[in-house]
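Here are my notes on the model, as numbered points. Please read them with the structure open.

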Amino acid sequence: MLNPELVERAVELLRHGGVIALPTETVYGLAANAEDELAVRRVFAIKGRPATHPLIVHLPGAEHLSSWARDIPDAAHRLADAFWPGPLTLVLPRTPRATDAVTGGQDTVALRVPGHPVALAVLKALGGGVAAPSANRFGRVSPTTAEHVRADLGDDVDLVLDGGPSTVGVESTIVDLSAGAPAILRPGGLSSEDIERVLGHPVPVRLASKVRVSGSLASHYAPRAGVVLTEPREAAARVRSLRDQGLRVGVLGPESLELPPDVARFDVPEDPAGAARVLYARLREADERGHDVLVACLPAASGLGIAVRDRLSRAAAPRDPHS
């Protein structure tokens, strides 16, 4: 999986304004040297991403934190020690090293150390940070394999590093530590229970915040098919109702779900971590099979189930018709 020649090529591209697809444990990222403003702006252009929507800077290790952030509270160090490398992003006041192109013009920067050997090898060889949103068109389903990236972006990306399927499957949890008490601004691959265990106190989820962060728009992570949310016990009735309207319907839910035998199923594991791992792949499969509507069963609102519910809710939100 770790090819030294490809790592060297990736680093050379990053040093000379290139944009690459980088595997991480959460999803694949579209990476540019975070200190190369033209390369960062190319990331926005490839994705079709609004310039005010900030990026996450991926670092080689926690020892780089102080060169990108200032006024770092003790809570940030405790979380970094506990969960880096891993699916945790910290929002902190920025240093001049984090430019407006990366932060969307804010005085804060989002930072993380990814938990994937290929990503870490590239970052350590580069010796700096990369700005890396998910490697897909803006607002669409995030990629969890190299094949997903190629299908979405084609030749727009200079190199796709194949690190196998992402093991977490949803984006990192974003914790704001830029002012006052910590708050979760985006549920993700690290549960709030784990964060609270390290900090020793409750940490609220605050989806509405003055601090803009990745993945915070109402409509996001959306397949082409419409998404209808339901509790598992109501799925069969929703399917019948939608079929009566002449729609081609698929169902995303646990394998134990009782449905008519001719319904297209996109099964996910019962446990929330398993559901998170395959969520985006299942959404993409539904698109490939041309369904009009996907009835998506909501998991329990605990652990990584909170992140899965968040992604499904955004996938189901009304969309900008011009997106």
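How many bridges join S2 to strand S6, and in which sense do the two run? Two bridges join them, and the strands run antiparallel. S6 covers residues 130-131. Keep in mind throughout that this is a predicted model.

1. **The nine-stranded sheet.** Start with the overall order. Nine strands make up an open sheet, arranged S7-S1-S2-S6-S3-S5-S4-S8-S9. The pairing is mixed. Strand S7 (159-160) and strand S9 (183-186) are at the edges. Each has a single partner strand, so one side of each lacks a neighbour in the sheet.

2. S2 spans residues 29-33. Is S2 largely enclosed, or open? Five of its five residues are buried, so the rest of the structure largely encloses this strand. The cut-off behind that word is a relative accessible area under 20%. Strand S1 (residues 20-22) is joined to S2 by three bridges, again antiparallel. Six residues lie between S1 and S2, and the two strands form a hairpin. Leu-22 has Gly-29 in S2 as its bridge partner. Towards S6, Ala-32 stands opposite Ala-131.

3. Strand S3 (residues 56-58) pairs with strand S5 (residues 108-112) in the parallel sense. Three bridges make up the pairing. To locate it, find His-58, which stands opposite Arg-112 in S5.

4. **Helices H1 and H6.** Helix H1 is residues 4-15, and helix H6 is residues 117-126. They pack at an angle of about 55°, and their axes are 9 Å apart. The two helices are therefore oblique to each other. H1 passes H6 in a right-handed crossing. On the H1 side, the contact involves Val-7, Ala-10, Val-11, Leu-14 and Arg-15. Facing them in H6 are Ala-121, Val-122, Ala-125 and Leu-126. By class, the contact residues are eight nonpolar, no polar and one charged.

5. **Thr-103.** This residue sits in helix H5 (residues 100-103). Is Thr-103 buried or exposed? Its relative accessibility is 1%, so Thr-103 counts as buried. What does Thr-103 touch, leaving aside its neighbours within four places in sequence? The contacts are Pro-54, Arg-94, Ala-98, Thr-108, Val-109 and Arg-212. Arg-212 is 109 residues away along the chain from Thr-103.

6. **Two backbone details to check.** The peptide bond joining Trp-84 and Pro-85 is cis, with omega about -5°. Pro-85 lies in the loop between helix H4 (74-83) and strand S4 (88-93). The second detail is Asp-71. Its phi is positive, about 50°, although Asp-71 is not a glycine. Asp-71 is in the loop between helix H3 (65-68) and H4. Asp-71 is exposed, with a relative accessible area of 60%.

7. **The four-stranded sheet.** Another open sheet has four strands, in the order S10-S13-S11-S12, with parallel pairing. Its edge strands are strand S10 (226-230) and strand S12 (264-268), each pairing on one side only. From one strand to the next, the twist averages 25°. Strand S11 (residues 249-254) and strand S13 (residues 293-297) pair over four bridges, in the parallel sense. Val-249 has Val-293 in S13 as its bridge partner. Helix H11 (residues 305-316) packs on this sheet and touches S10, S11 and S13. The direction of H11 makes about 130° with that of S10.

8. **Helices H10 and H11.** Helix H10 (residues 272-288) packs against H11 at an angle of about 30°. Their axes are 8 Å apart. H10 and H11 are therefore roughly parallel to each other. Their crossing is left-handed. H10 contributes Pro-272, Ala-275, Ala-276, Leu-279 and Tyr-280 to the contact. H11 contributes Gly-305, Val-308, Arg-311 and Leu-312. The contact residues of H10 with H11 divide into seven nonpolar, one polar and one charged.

How values were computed: Residues are numbered from 1 along each chain as its sequence is written. This is a predicted model: local features need pLDDT of at least 70, side-chain atom pairs count only at pLDDT 80 or more; totals for chains, interfaces and linings use all residues. Side-chain values use heavy atoms; hydrogens and water are left out. Buried means under 20% relative accessible area, exposed over 50%, partly exposed in between (1.4 Å probe, protein chains only). Two strands pair if DSSP finds at least two bridges between them. Axes are lines fitted to C-alpha atoms, for helices over the stretch in contact, and angles run from 0 to 180 degrees between N-to-C directions. Angles under 35 degrees count as roughly parallel, over 145 as roughly antiparallel, 65 to 115 as roughly perpendicular and the rest as oblique. A crossing is left-handed if the near helix is turned anticlockwise from the far one by less than a right angle, and right-handed if clockwise. Contact means heavy atoms within 4.5 Å. Ala, Val, Leu, Ile, Met, Phe, Trp, Tyr, Cys and Pro count as nonpolar, Asp, Glu, Lys and Arg as charged, and the others, Gly among them, as polar.
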